[in-house]
Amino acid sequence: MTERQNADGFPALLGAALRDVVVDDEAERRAVAAFRLARDSGDRATSPRREDDWRPGSA
C-alpha cells in the first residue's frame, strides 16, 4: 500500500470508528453524577499526582 492510499483511507476509517460509538445514556448519567458528588463533597484526602497536573510551572 502506498502512502497516498493510506492517507486517503485514514479519514474514512476514522469517520467509521467515530460513527460506530454507542453511548449508554444511563451509564453516562451515573458517571457524571458520581463525578459531581465526589467534586462537591469537599473531601480532598488525596492530591492529584504531579504528572496529572498540567498547569504551567507545576513541575
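Me: Which residue with a positive phi follows α2?

Reply: That is G42, where phi is near 80°. Before we go on, note that this is a predicted model, in which local features need pLDDT of at least 70, side-chain atom pairs count only at pLDDT 80 or more, and totals for chains, interfaces and linings use all residues. Residues are numbered from 1 along each chain as its sequence is written, and side-chain values use heavy atoms, with hydrogens and water left out.

Me: How many helices and strands does the protein chain have?

Reply: Helices (H or I, at least four residues) and strands (E, at least two) are DSSP runs, numbered from the N terminus. Here the protein chain has two helices and zero strands. Helix α1 covers residues 3-19, and α2 covers 25-40.

Me: What span should the 16 residues of α2 have?

Reply: The expected span of a helix is 1.5 Å times one less than its number of residues. For α2 that gives 22 Å, and its end C-alpha atoms are 22 Å apart, so the two values agree.

Me: Which backbone nitrogen does D24 reach at the start of α2?

Reply: A polar contact is a pair of N or O atoms within 3.5 Å; within protein, one must be able to donate a hydrogen and the other to accept it, and residues adjacent in sequence count only if both atoms are side-chain atoms. In this model, a side-chain oxygen of D24 comes within 3.2 Å of the backbone nitrogen of E26.

Me: How many salt bridges does the structure hold?

Reply: Side chains of opposite charge can pair when their charged atoms come close. A salt bridge is a side-chain nitrogen of Lys or Arg within 4 Å of a carboxyl oxygen of Asp or Glu. There are three in this structure. One joins R39 and D40, with their closest N and O atoms 2.9 Å apart. Through shared partners, salt bridges also link E26, R29 and R30 into one network.

Me: Is E26 buried, partly exposed or exposed?

Reply: Buried means under 20% relative accessible area, exposed over 50%, and partly exposed in between (1.4 Å probe, protein chains only). E26 has 37%, so E26 counts as partly exposed. R30 is partly exposed at 48%, while D40 is exposed at 55%. Across the 59 residues of the protein chain, buried ones make up 3%.

Me: Which residues form a nonpolar patch on the surface?

Reply: Patches are made of residues with over 30% relative accessible area and no salt bridge: like charges are joined within 9 Å, nonpolar side chains (Val, Leu, Ile, Met, Phe, Trp, Tyr) within 5 Å. Accessible areas come from the Shrake-Rupley method with a 1.4 Å probe; for residues, only the protein chains shown count as cover. Here F10, L14 and L18 form the patch, with about 320 Å² of accessible area together. L18 lies in helix α1 and is exposed at 58%.
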